[in-house]
Amino acid sequence: MIETDRRGALGIAAALPLASALPSVLAGAAHAADTAAAQWDLTELYPSLDGWDAARKQVAAALPRLAAYKDSFGTDAAAMLKALEDISEVSKTFARVYVYASLKADEDVRVSANQERNAQVMDLYAAFGEATAWTAPETLKLGKDKIESFIAADKTLSTRFAFGLRKTLREAEHTLDAKGEALLAAVSSPLSGPQTIREQLVSSDIPWPEVTLSDGRKQVLDAQGYTLTRDAPNRDDRKTVMDGFFGQMGKFESSLGAAMAAKLKGDVFEARARSYKSCLAMALAPGAVPEGVYRTLVAETNAGLPQLHRSFELRGKMLKLPDMHYYDIYPPLVSLERKFTLTDMRNITLKAVEPLGPDYVKRLGAATAAKWMDPWPRPGKRPGAYMNGSAYGVHPYLLLNLGENYEGLSTYAHEWGHAMHSLLADSVQPYELSDYPIFTAEIASTCNEVLLTEYMLKQAKTKEEKIYYLGMRLEGMRGTFFRQAMFAEFELKMHEMAEAGEGLSGESLTRVYLDLLKRYHGPNFVIDEPYAIEWAYIPHFYSTFYVYQYATSISAGTWFAHSILNGGKAERERYLDVLRAGGSADPVDILKKAGLDMTAPDPYRGLVADFKATIDEIEALLG
């Protein structure tokens with residue numbers, strides 16, 4: 001399961017005319033040739049730091065001009081269009097400025113100059129928000145009838161800006177006056193402080209231990225080291241890895257808890273300032289996702305827990321374990337002594353996605369041959385994996401930390417699924433409608449993973465190899481559906497505690513997380529209490545109510561993959577239309593148009609049924 005994944009932390013395009021932030025999705029030694037060929041090339045954004053700084057100053061200089069449009073915005077359709085086009089153009093430039101600074105900062109989090117530039121961008125984003133905070137109040141002041149008359153009078157307003165304007169009208173009761181919106185925009189930078197503190201603690205300030213594994217290999221247990229060794233075949237090594245990583249993280253429980261408590265209080269502040277009944281309601285409102293989707297997901301996941309518990313029994317049996325501990329989750333059910341180079345990953349992924357059609361394969365082939373990604377782990381590099389597609393008119397960038405194993409291959413296919421989503425959306429949609437919502441973002445990546453697994457199963461030459469891929473499919477569903485739904489329950493509970501004014505601390509959050517671990521893993525599963533600090537390892541909790549969308553997305557991605565594999569061109573095109581739609585409509589409506597209703601329990605029940613069927617298939621192969 002990929003722990004970090006984002007389209008881009010700033011969803012400026014989708015926000016117009018409202019300027020607000022959208023939280024955006026993460027070896028062995030690599031061959032030198034692969035590494036040289038794959039390193040991303042940031043000069044395609046700006047040829048130098050001087051070029052970046054000039055663009056940053058250009059954005060800053062434009063802000064007074066954007067603020068001044070307030071006085072003429074409602075004069076007529078032409079005046080409205082002029083203001084929105086200028087705001088859009090500046091935001092597009094700023095998104096490019098942001099992408100460059102963000103990627104440079106993530107190349108090595110220890111380089112303070114890069115972190116300072118990134119901080120400059122976040123401050124500039126707050127200033128951009130202040131300069132354009134008047135757009136929503138002024139839109140609401142004009143009212144629905146006048147806005148609709150302007151849209152009808154101008155084709156560009158209709159094609160590029162109508163959806164955003166109507167979203168603003170829909171959120172009328174949660175929009176403040178110009179002064180209030182400017183104030184909320186101004187606090188966006190300080191409210192991002194808890195996440196920055198957490199990232200610095202985990203990436204550079206916590207002294208991660210070094211352990212010696214049973215084969216004599218030494219491993220520093222930072223986030224990268226933990227991810228690469230938690231599936232060690234030797235059980236004592238797995239225990240050593242988890243004891244070392246979570247034991248060290250636990251020493252910082254109070255500080256990590258304080259950072260999370262501050263983040264939760266910020267969410268409560270914003271929800272109350274905007275008159276939402278809860279933080280969940282606030283998070284779901286921009287995409288018009290019904291709250292029932294969230295609660296149905298959790299309910300259906302809990303109904304499926306007996307199958308999850310059954311999978312743990314199968315795991316214990318196959319690994320010949322006397323009992324099941326939390327450190328036994330990650331090793332594959334059978335070993336696969338096969339390495340995948342970067343070239344292998346590319347070639348296999350291109351073959352696996354052939355059901356998506358020749359145009360998709362051609363686009364992906366060209367993209368993966370370019371210098372758009374940073375694939376291998378190294379000291380100081382940000383852990384995890386993500387795709388950043390916010391530089392409209394350039395191309396996506398991918399940060400990966402791959403191992404030369406199947407998990408690395410799966411991550412590669414996953415993140416390039418995101419990149420293809422951006423490429424397809426950008427090829428059809430104007431900038432203002434290109435930035436797809438998070439609710440659909442993970443569908444493209446999980447669909448690619450399903451197609452990859454199906455391809456590998458067809459290529460399997462032995463029963464053991466087939467069991468390996470079935471086991472990886474099982475782990476994918478566990479990690480992306482059951483695990484993320486557990487995270488969603490935890491996140492909802494955290495926010496409910498904050499909203500109720502309950503005391504929040506690292507200790508209280510660990511206690512809540514431990515209870516969830518025990519329920520999700522069942523009565524015959526041993527949860528070592530020090531591991532319950534794991535909540536602090538999950539960076540997604542700083543992107544409010546993000547994680548549930550992994551679970552909804554694997555449900556949808558699996559549904560689409562099966563429909564494509566079992567169907568024909570019509571099913572394929574319905575899926576690709578979802579990707580091409582970008583952010584041009586509300587996500588639930590985009591999916592309904594493609595034949596999938598995420599408000600019903602069926603997609604989640606279908607995923608649980610696939611999970612059960614995979615267990616059945618493994619058991620049948622075992623005989």
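Buried here means under 20% relative accessible area, exposed means over 50%, and partly exposed lies in between, with a 1.4 Å probe and protein chains only. By that rule Phe 560 is buried, at a relative accessible area of 1%. This is a predicted model, in which local features need pLDDT of at least 70 and side-chain atom pairs count only at pLDDT 80 or more, while totals for chains, interfaces and linings use all residues. Residues are numbered from 1 along each chain as its sequence is written, and side-chain values use heavy atoms, with hydrogens and water left out. Helices (H or I, at least four residues) and strands (E, at least two) are DSSP runs, numbered from the N terminus.

**A sheet and the helix across it**

- Let's start with an open sheet of three strands, ordered β4-β6-β5 with mixed pairing; two strands pair if DSSP finds at least two bridges between them.
- Its edge strands are β4 (373-374) and β5 (386-388), each pairing on one side only.
- Three antiparallel bridges join β5 to β6 (residues 397-399), and Met 387 has Leu 398 of β6 as its bridge partner.
- As background, strands of a sheet pair through backbone hydrogen bonds, either parallel or antiparallel.
- Helix α19 (residues 406-428) lies across β4, β5 and β6 and runs at about 15° to β5. Such axes are lines fitted to C-alpha atoms, for helices over the stretch in contact, and angles run from 0 to 180 degrees between N-to-C directions.

**Aromatic rings**

- Rings of Phe, Tyr and Trp (its six-membered ring) pair if their centres lie within 6.5 Å; planes under 30 degrees apart count as stacked, over 60 as edge-to-face and the rest as tilted.
- The count by this rule is 36 aromatic pairs.
- One of them is edge-to-face: the ring centres of Trp 40 and Tyr 397 are 6.0 Å apart, with planes at 85°.
- Trp 40 sits in the loop between α2 (32-38) and α3 (49-68) and Tyr 397 in strand β6, so this pair ties together parts 357 residues apart in sequence.
- Trp 40 is buried, at 6% relative accessible area, and Tyr 397 is buried at 0%.
- Trp 559 and Phe 560 also form an edge-to-face pair, with centres 5.0 Å apart and planes at 85°. Here Trp 559 is partly exposed at 33% relative accessibility, whereas Phe 560 is buried.
- Ring pairs also link a cluster made of Trp 208, Tyr 226, Phe 245, Phe 246, Phe 312, Tyr 326, Tyr 327, Phe 525, Tyr 531 and Tyr 537.

**Charges over rings**

- A charge sits over a ring if NZ of Lys or CZ of Arg is within 6 Å of the ring centre and within 35 degrees of the ring normal.
- Arg 230 lies over the face of Tyr 330, 3.9 Å from the ring centre.
- The charged end of Lys 92 sits over the ring of Tyr 431, at 5.9 Å from its centre.

**Helices α24 and α25**

- The axes of α24 (residues 548-566) and α25 (residues 569-580) come within 8 Å and cross at roughly 150°.
- Phe 560, Ser 563 and Ile 564 of α24 meet Glu 571, Arg 572, Tyr 575 and Val 578 of α25; contact means heavy atoms within 4.5 Å.
- By class, this contact of α24 with α25 has four nonpolar, one polar and two charged residues. Ala, Val, Leu, Ile, Met, Phe, Trp, Tyr, Cys and Pro count as nonpolar, Asp, Glu, Lys and Arg as charged, and the others, Gly among them, as polar.

**Buried charged residues**

- Asp 267 lies in helix α13 (residues 253-273) and is buried, with a relative accessible area of 8%.
- Not counting residues up to four places away in sequence, Asp 267 touches Cys 279, Met 282, His 495 and Thr 544.
- Arg 238 belongs to helix α12 (residues 235-250) and is buried at 4% relative accessibility.
- Leaving aside neighbours within four places in sequence, Arg 238 has contacts including Arg 230, Asp 231, Tyr 327 and Asp 328.

**Positive phi**

- Most residues other than glycine have a negative phi.
- Ala 288, not a glycine, has a positive phi of about 50°; Ala 288 lies in the loop between α14 (279-284) and α15 (291-303) and is partly exposed at 34%.
- Phe 545 has a positive phi near 50°; Phe 545 lies in the loop between β7 (525-526) and α24 and is buried at 2%.
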